[in-house]
Amino acid sequence: MRIAICEDDVAQTRIIEFYLRKMAGKYHMEEIAAYASGESLYRAVGKKKRFDFYLLDIGLPGISGVELGRILRTADSDAGLVFITDYPQYVTQAFGLKSAQYLLKPLKSNIFMRTMSRLFDAYERQYVTYVLENERLLKLRVRDII
């Protein structure tokens with residue numbers, strides 16, 4: 001699983017990374033990447049960088065988290081969008097983007113970890129992984145298997 005965090009507050013980013021690393025024993029996390037602005041994440045996605053989950057702050061400088069969510073949703077309709085913000089008034093816009101969750105700051109570890117566990121469990125149920133002869137992993141989405 002590949003996770004992008006887009007948060008301009010360094011302390012908040014570290015908290016989110018800490019919570020995710022605590023969960024890494026149960027879930028296979030290939031990458032946790034942090035971006036301090038919407039523009040930096042936008043550039044990474046423009047270079048074909050893909051994530052399974054995007055944890056987005058709404059109050060970002062430049063491209064807002066909601067606008068970034070629109071861009072990401074257009075690029076990848078299956079990615080999990082999770083908004084983590086101080087702004088409760090954007091909840092309708094966030095869920096209009098088919099976001100998986102909307103969490104308010106300050107984050108509480110039990111709520112964050114329970115929410116993300118639910119999302120990660122649902123994500124993992126969507127895929128089947130096979131080990132090929134040359135020890136390469138093949139990951140298939142269940143709905144794509146005929």
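From the N terminus on, the elements of the chain run β-α-β-α-β-α-β-α-β-α-β-β, a total of five helices and seven strands. Helices (H or I, at least four residues) and strands (E, at least two) are DSSP runs, numbered from the N terminus. The model is predicted, so local features need pLDDT of at least 70 and side-chain atom pairs count only at pLDDT 80 or more, while totals for chains, interfaces and linings use all residues. Residues are numbered from 1 along each chain as its sequence is written, and side-chain values use heavy atoms, with hydrogens and water left out.

**Overall form**

Along the principal axes, the C-alpha atoms fill a box of roughly 50 × 30 × 25 Å. Of the 146 residues, 45% count as buried; buried means under 20% relative accessible area, exposed over 50%, and partly exposed in between (1.4 Å probe, protein chains only).

**The sheet**

Five strands form an open sheet in the order β2-β1-β3-β4-β5, with parallel pairing. Two strands pair if DSSP finds at least two bridges between them. The edges are held by β2 (31–35) and β5 (101–104), each with a single partner strand, so one side of each is left without a neighbour in the sheet. From one strand to the next, the twist averages 15°.

Strand β1 (residues 2–6) runs parallel to β2 and is joined to it by five bridges. Within this pair, A4 stands opposite A33 in β2. Helix α3 (residues 65–75) packs on the sheet, where it touches β1, β3 (53–56) and β4 (80–85). The direction of α3 makes about 175° with that of β4; axes are lines fitted to C-alpha atoms, for helices over the stretch in contact, and angles run from 0 to 180 degrees between N-to-C directions.

**Salt bridges**

A search of the whole structure finds seven salt bridges. A salt bridge is a side-chain nitrogen of Lys or Arg within 4 Å of a carboxyl oxygen of Asp or Glu. The table gives three of them.

| Pair | Closest N and O atoms |
|---|---|
| E31 and K49 | 3.0 Å |
| R50 and D76 | 2.9 Å |
| E67 and R70 | 3.0 Å |

E31 in strand β2 and K49 in the loop between α2 (38–46) and β3 are 18 residues apart, and the pair links distant parts of the chain. E31 is buried at 19% relative accessible area, whereas K49 is partly exposed at 27%.

R50 is partly exposed at 36%, and D76 counts as buried at 13%.

E67 and R70 are three residues apart in helix α3 and therefore separated by about one helical turn. Salt bridges that share partners join R2, E31 and K49 into one network.

**Around D78**

D78 lies in the loop between α3 and β4 and is partly exposed, with a relative accessible area of 36%. Not counting residues up to four places away in sequence, D78 touches R73, R141 and R143; contact means heavy atoms within 4.5 Å.
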